[in-house]
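Dear colleague,

I am passing on the structure below, together with some notes on its side-chain contacts. Please read the notes with the model open beside them.

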Amino acid sequence: MKATLIFLLLAHVSWAGPFQQRGLFDFMLEDEASGVGPEERLPDLPEVEPLGPVCPFRCQCHLRVVQCSDLELGTNPLKSSGIENGAFQGMKKLSYIRIADTNITTIPQGLPPSLTELHLDGNKIGKIDASSLKGLNNLAKLGLSFNSISAVDNGSLANAPHLRELHLDNNKLIRVPAGLAEHKYIQVVYLHNNNIAAVGPNDFCPPGYSTKKATYSGVSLFSNPVRYWEIQPSTFRCVYVRSAIQLGNYK
């Protein structure tokens, strides 16, 4: 009986065909023959809904209310007459305004007191008077490069008591702006590419050392007609390091 079982097993093996290597194409043909395509074997994918409205950068959106902290109005034919007084009223959380490369000739009035940065570069502003910065108690950075500013009235900078950075390069200034020595927090002043011909010993620093004032970390005066070798060394006594002062020959 045992011999008979072994014979039957060997006979079954001998009837099986030899092993053949089969590729992916062979299995695909079998799928096509069975009427089942590859797409029917994939699970159903969820439909992707189209994106809805995107909240602008530096803004908070709640239903139909949008609260923003940056405002860009640059590179357009805007004029000073086109900005009505109080145009920014109600924007209590606005911290950044940039109005660059336009035709405005004055600093807009009625700016929100929440501003920390104001960039008005590349315009046609000719002067900073005592009321230009009125009410900007939180302003830390003021950019006025590439304008036509020839004067900064005394007392103007005092209206921005927390100002730390002032850019007045590439203008038509003939002297260092008044009020820098008395300002407590200004640390960076760009005055290069102007028409400044002289720098006094008290233009940047207070006369006495008892006055509390932040030290300067950057002062640029290059490309002005001032003879830098005639500037008294004590002029920059409140500068953090000498390398922070940028002087050079006139154009």
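Helices (H or I, at least four residues) and strands (E, at least two) are DSSP runs, numbered from the N terminus. On that numbering, K213 is found in the loop between β10 and β11. Before going further, please note that this is a predicted model, in which local features need pLDDT of at least 70 and side-chain atom pairs count only at pLDDT 80 or more, while totals for chains, interfaces and linings use all residues. Residues are numbered from 1 along each chain as its sequence is written, and side-chain values use heavy atoms, with hydrogens and water left out.

What K213 does have is a polar atom of its side chain 3.1 Å from the backbone oxygen of L180, and a polar contact of 3.4 Å between its side chain and that of Y216. A polar contact is a pair of N or O atoms within 3.5 Å; within protein, one must be able to donate a hydrogen and the other to accept it, and residues adjacent in sequence count only if both atoms are side-chain atoms.

By the salt-bridge rule, the count comes to three. One of them joins the side chains of K127 and D153, at 3.6 Å from N to O. This pair links distant parts of the chain, with K127 in strand β6 (residues 127-128) and D153 in the loop between β8 (151-152) and β9 (165-167), 26 residues apart. K127 is partly exposed at a relative accessible area of 45%, and D153 is also partly exposed, at 24%.

Another salt bridge is formed by E165 with K141, whose closest N and O atoms are 3.9 Å apart. E165 lies in strand β9 and K141 in strand β7 (residues 141-143), so the pair ties together parts that are 24 residues apart in sequence. K141 is partly exposed, with a relative accessible area of 25%. There is also a salt bridge between the side chains of E230 and R227 (3.4 Å, N to O), in which E230 is exposed at 52% relative accessible area and R227 is partly exposed at 48%.

The structure holds one disulfide, defined as a pair of cysteine sulfur atoms within 2.5 Å. The bond is formed by C205 and C238, with their sulfur atoms 1.9 Å apart, and at -85 degrees about the S-S bond the link is left-handed. This pair too links distant parts of the chain, since C205 is in the loop between β10 (188-190) and β11 (218-220) and C238 in the loop between β11 and β12, 33 residues apart. C205 is buried, with a relative accessible area of 1%, and C238 counts as buried at 11%.

With kind regards

Terms used: Buried < 20%, exposed > 50% of the residue type's maximum accessible area, 1.4 Å probe, protein only. Salt bridge = Lys/Arg side-chain N within 4 Å of Asp/Glu carboxyl O.
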